[in-house]
Amino acid sequence: MGSQIQPEEEDEVSELLAVVLDTSFNSALIKEKNVGQLLDAVVIFSNAHLMNSSKNTLAVVACHPHTAKMIYPVKKDSIQNIRPPDAQMEILAHATQVIRDGIKEVVTSWQGVYSIEPLLTGGMALALCYIAKRMANTVGKLNGRILVLSSSGESAHQYLNFMNVFFAAQRKAIVVDSCVIQNDCGLLQQGADITGGNYLKAPSIAGLLEYLLWVFLPPKSLRAKLVLPKPDVVDYRTACFCHRNLIEVGYVCSVCLSIFCQFAPICSTCQTHFKFIGFKQSMVKKKEQKSLQAPLL
Amino acid sequence: MADEDEQQDGYRWESEYERTWEAIREDESGNLQASVQEIVHKTRRQQLLLQKNVRLGMMRHLYVVLDLSASMNSNDLRPSRIQCVLHLLDDFVDRFYDENPISQLAIIATCNKRAEKISDLSGNPLKHKEGLAKIKDRLPTGEPSLQNSINMAAAVLQHMPAHSSREVVIILGSLTTCDPTDINETIEEAKKLGLRCSVIGLAAEVYVCRRLTEITGGSYHIVVDEDHLRELLANHLLPPPALNNIECSMVKMGFPFHKNEQEDTPALCQCHLEAAATESVHITTGGFLCPQCKSKYCELPAECRICGLTLVSAPHLARSYHHLFPLDNFKETHLLKGDTRTCFSCQSSVEGQNMYTCEKCKEEFCLDCDIFIHATLHLCPGCACKPQMN
């Protein structure tokens, strides 16, 4: 890989990878006892990134239903005296241990049910802030990217947060990659499309590590030279605010831009003043009286 | 600093001598950047405080009127007024669509007592950039005409839907205007149509511009230097507060599905239909199909030429949401010496500087993160990390 880029370019650019890991594994994963395999893949992948270049750095954020927490790098170096087994690099042994401990701490501190969405956006926001700070403080070029690993499927409730994160990443030229396991997530797919990252649904856990190393390890500059899986067409249709139906034609409130699947005299998102003006003017003018009479009576 | 100035009545030269340089301090690495950033940030925070709870005109139709009269040859801005303005406008066009994805922009030039259309109202930045590139080679001549320019903009803007915000931004280098009839009538007309006219003057204040902006509710500023001009243009990037008489309504919009390249038959898209008559244009498979009439477009946002439906994609709308639901300002606390805290988001330790606390989740952030969160992210990481806040 190194031969593809100019030597001086390689010297200047450092890569910061932030792995945002969804630790609320879905029930299928737990039932098939695949969680260990998944975590191993994440740790090995993280180590592979650190090994690529001495300038590469890593951040790992764990997202759980009750919190999102940065688990690597840790502030207090209480676990400094980790002895690397055999001939392993110290930094790798350290990363492995810290990530494992961090995940354990996050997972065991939660006693609730797993059906609640994990706080992916919180984790991504943390990762973005960390990358932005590092970018500002680094002399020379620092490429930041985020890899989201999730198995919990759609999380429509955090739509606005997701979009804010993606647009912020786009402005800072931070690539957001997503690797989903078993359940597709349309929002992460949109995010990858907006920020120019890759989106992949890993078909099996057994092959997860291979997919990670193939699709997500190479930095942005190298990806154009690789044969990567073709992206699917991104579904940008939207869900209406009122019934959460996917719609092709909808009505948008001119004040707050909420989307509705049918004409309504009152916008449920923005407050009172809209209701009255909408009632007086658009109702009478637009000959929508038939549809309006029902809720009024 | 800004608030002190505003509180003092009377003239600036009557007030005490300001030691502005003392506000700028070096950080530990000898850098001035952080200190300058802090000042910039303070002004931004002030703006946010003022903006609260104001209804904004999100769907904007903005005409930029560019003076191309002989006065634009003057080189008090480097290299010349016109080159400087064109350079900044180029940047403005890009950022405008970034901030206002469902809005439209058009450019008018005025010279030789006439107004001339450079680009039509559209949601496509490329057309404006082409138009601006063409002006670059022209030598500004003659006198500008305010009235002709406003009339030209009004002729189009008056047909725009009532719920959209109609704006004209005039960049004027000349101190005179040559108009066919009484301009006061035009100003009244503009007011009636709800046109918000703002003027950025490159020379000196002119009464007619002051009157125009005051009556139509716009802003009037005179440029000090290039940076100031950039700042003044940037003020027009954010959506303005809506006028009182603006009508609210439900706008019908289409969210087209992107057709796959394999499953579609090759066809010309509506946006390149006219160009196809004169030059060779690729016939493409794939594209966005209007959900109502199935005509094809190669990019969004667009207005369907066949059925008139506004076609957008959901992220276009979402990009505007941060104007509508702005993040509250964080509370500022100054840390005492020896009091070390950790920034919630970037994990760096802060000592002897200001910390910013989110009032909702009570998490603390450092200055850099506060700037990033409010200027770019528009999402509080602390709140996003707490399930009850979502």
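Trainee: In which kind of crossing, left-handed or right-handed, does α6(B) pass α7(B)?

Mentor: Good place to start, and keep in mind that this is a predicted model. α6(B) passes α7(B) in a right-handed crossing. The word right-handed is used when the near helix is turned clockwise from the far one by less than a right angle.

Trainee: Which residues of α6(B) and α7(B) meet?

Mentor: From α6(B) they are I183(B), N184(B), I187(B), E188(B), A190(B) and K191(B), and their partners in α7(B) are V208(B), R211(B), L212(B), I215(B) and T216(B).

Trainee: How do you know that the buried residues of α6(B) line one face of the helix?

Mentor: First, who they are: I183(B), T186(B), I187(B) and A190(B) are buried in this helix, which spans residues 183–192 of chain B. Looking down the helix axis, those buried residues fall within an arc of 100 degrees, so they line one face. E185(B) and K192(B), on the other side of α6(B), are exposed. The cover over the buried residues includes α5 (146–157), β5 (195–201) and α7 (207–216) of chain B.

Trainee: What makes D182(B) a cap for α6(B)?

Mentor: One of its side-chain oxygens lies 3.1 Å from the backbone nitrogen of N184(B), at the N-terminal end of the helix. After α6(B) comes G194(B), with a positive phi near 75 degrees.

Trainee: Let's switch to chain A. Why is T195(A) called buried?

Mentor: Its relative accessible area is 11%. Buried means under 20%, so T195(A) qualifies. This residue lies in helix α7 of chain A, residues 186–195. Across chain A, 49% of the 297 residues count as buried.

Trainee: Which backbone atoms does the side chain of T195(A) reach?

Mentor: There are the backbone oxygen of G191(A) at 2.8 Å and the backbone nitrogen of V176(A) at 3.1 Å. Leaving aside neighbours within four places in sequence, T195(A) is in contact with F166(A), A169(A), Q170(A), I174(A), V175(A) and V176(A).

Trainee: How many helices and strands does chain A have?

Mentor: Its secondary structure comes to 11 helices and 10 strands.

Notes: Residues numbered from 1 in each chain as written. Chains lettered and ligands numbered in written order. Predicted model: local features only at pLDDT ≥ 70, side-chain atom pairs only at ≥ 80, totals over all residues. Heavy atoms only, no water. Helix = DSSP H or I, 4+ residues; strand = E, 2+ residues; numbered from the N terminus. Buried < 20%, exposed > 50% of the residue type's maximum accessible area, 1.4 Å probe, protein only. Polar contact = N/O pair within 3.5 Å; in protein donor to acceptor, adjacent residues only side chain to side chain. Contact = heavy atoms within 4.5 Å. Arc of directions from axis to C-beta.
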